[in-house]
Amino acid sequence: MSKKVLLSGVRPSGKPHIGNYFGALKQFVDLQDQYEAYIMIADYHALDFVQNGKDMKQNIMNVLLDYLAVGLDPKKVTIFKQSDVSEHTELARIFETITTMPYLMRAHAFKDAEAKNKDLSVGVFNYPMLMAADILLYSPDIVPVGADQKQHIEIARDTAEKFNRIFGDTFKLPEPLIMKEVATVPGTDGRKMSKSYGNTIPLFAEYEEIKKCVMSIVTDSAGGFPKNVFEIHKLLRPEDELKKIYEEKAGKYKELKEMLIEDLEKFIAPLREKRKEFEKDIPKALEILKAGGEKAKKISGPKMDEVREKVGVKLY
Ligand code: ADP
Ligand code: TRP
């Protein structure tokens with residue numbers, strides 16, 4: 001029996017943090033044996049924000065090395081970048097023609113972005129269309145993502161249904177896979193950990209950086225229980241064990257933070273070392289990425305041909 005298909009992606013928009021790891025990357029690694037997995041570097045999604053060629057290149061390389069360092073095995077997983085597979089942007093164009101503006105204007109991500117900046121690019125507005133294309137080309141059974149991406153997957157489902165209704169059954173409806181217990185990793189200020197809030201603990205941080213981040217975690221002096229420290233700490237130790245420790249050390253915030261620093265270092269140090277190994281052989285990493293794109297095309301190419309046939313533009 002053939003394996004079920006998994007697809008996901010990450011925008012190459014900066015250094016990954018432990019929220020990205022527990023919310024997304026770790027799941028890819030845990031699921032790579034069970035599924036036929038496609039993991040994509042969504043560079044054209046990042047182009048909404050990264051508009052400097054040098055930075056873009058650097059960011060793509062960084063994500064690739066990050067993926068390899070956290071344990072994605074290119075023998076099991078197809079790692080590729082979106083821009084190598086032009087079917088993604090082509091299908092997004094078709095989806096844009098069957099989707100209305102009011103529908104996309106109801107998306108949370110659009111509303112949030114618009115609240116921050118009225119001069120939104122058309123790219124940001126259309127973001128969910130490209131993401132729907134990313135997903136639907138591969139007919140995945142599941143799409144593992146963090147909770148903030150749930151609506152984008154619902155949009156992909158709606159878009160698949162709409163296309164199927166208009167042009168006949170073509171796309172399979174994907175399911176999101178959201179790990180409940182780590183659905184939203186909090187940052188050092190207690191809000192969702194996010195690059196855009198500057199409240200992250202970088203996944204490959206050096207010891208001194210880990211120390212600085214942990215010391216900056218905001219604590220509330222009432223009650224003796226540093227919730228923000230605990231919420232991050234529980235990613236690294238069983239909750240029951242941790243609760244006992246936090247009860248014993250009630251009010252001793254400095255000691256608890258020091259313990260978190262050591263636990264983070266234990267978790268991060270091996271990842272940091274592995275990444276340094278991959279950095280030594282960039283041509284090999286690039287070869288992996290290029291081969292991944294070619295493999296992805298074997299799936300997306302025939303699917304796109306079916307779409308061209310259905311919409312009636314395929315004449316030969
Ligand atoms: P950021 O908010 O830092 O820009 P991204 O939007 O690049 O992060 O997210 C990349 C992936 O990591 C997505 O699947 C997202 O859902 C997941 N993710 C991001 N932040 C968190 C978090 N704090 N907790 C859990 N998952 C997260
Ligand atoms: N939008 C996702 C994010 O911000 C990245 C992404 C792009 C993605 N295309 C995808 C995730 C397809 C899953 C499937 O993290």
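1. A pocket is defined on a 1 Å grid over the protein atoms alone, as an open set of points with protein on both sides within 12 Å along at least five of seven lines; its lining residues have an atom within 4 Å of a point. Helices (H or I, at least four residues) and strands (E, at least two) are DSSP runs, numbered from the N terminus. On these terms helix 2 (43-46), helix 4 (87-97) and helix 7 each give at least two residues to the lining of the second largest pocket.

2. This is a predicted model, in which local features need pLDDT of at least 70 and side-chain atom pairs count only at pLDDT 80 or more, while totals for chains, interfaces and linings use all residues. Residues are numbered from 1 along each chain as its sequence is written, chains are lettered from A and ligands numbered from 1 in the order in which they are written, and side-chain values use heavy atoms, with hydrogens and water left out.

3. The second largest pocket holds about 150 Å³ of space (a volume is the space filled by probe spheres set on the grid points, which are joined across faces, edges and corners). Its lining has 13 residues, and Glu96, Gly123, Asn126, Tyr127 and Leu130 lie nearest the centre. Helix 7 provides the largest share of this lining, six residues. By class the lining has six nonpolar, four polar and three charged residues (Ala, Val, Leu, Ile, Met, Phe, Trp, Tyr, Cys and Pro count as nonpolar, Asp, Glu, Lys and Arg as charged, and the others, Gly among them, as polar).

4. Ligand 2 has 14 residues around it, of which His45, Tyr127, Met131, Asp134 and Gln149 come nearest (a residue is near a molecule if one of its heavy atoms lies within 4 Å of it). Tyrosine 127 has a polar side-chain atom 2.7 Å from a nitrogen atom of ligand 2. For aspartate 134, an N or O atom of the side chain is 2.7 Å from a nitrogen atom of ligand 2. The protein buries 92% of the 360 Å² that ligand 2 exposes when taken alone (areas come from the Shrake-Rupley method with a 1.4 Å probe). Strand 1 (5-10) and helix 7 (122-136) are the elements that give two or more residues to this shell, and helix 7 gives the most, with four.

5. Glutamine 149 sits in the loop between strand 4 (142-144) and helix 8 (150-167). Glutamine 149 is buried, with a relative accessible area of 18% (buried means under 20%, with a 1.4 Å probe and protein chains only). Its side chain makes a polar contact of 2.9 Å with the side chain of histidine 152 (a pair of N or O atoms within 3.5 Å; within protein, one must be able to donate a hydrogen and the other to accept it).

6. Around ligand 1 there are 17 residues, and His17, Asp148, Val185, Ser194 and Lys195 come nearest. Oxygen atoms of ligand 1 lie 2.7 Å from a side-chain N or O atom of histidine 17 and 2.8 Å from one of serine 194. Lysine 195 instead uses a backbone N or O atom, 2.7 Å from an oxygen atom of ligand 1. Of the 540 Å² of accessible area that ligand 1 has on its own, the protein covers 93%.

7. The structure holds one cavity of 30 Å³ or more (a cavity is a set of grid points where a 1.4 Å probe fits but cannot get out). The volume of the largest cavity is about 60 Å³. Lysine 195 is among its lining residues, as are Arg11 and Asp66. Helix 3 gives the most to this lining, with three residues.

Technical notes. Buried < 20%, exposed > 50% of the residue type's maximum accessible area, 1.4 Å probe, protein only.
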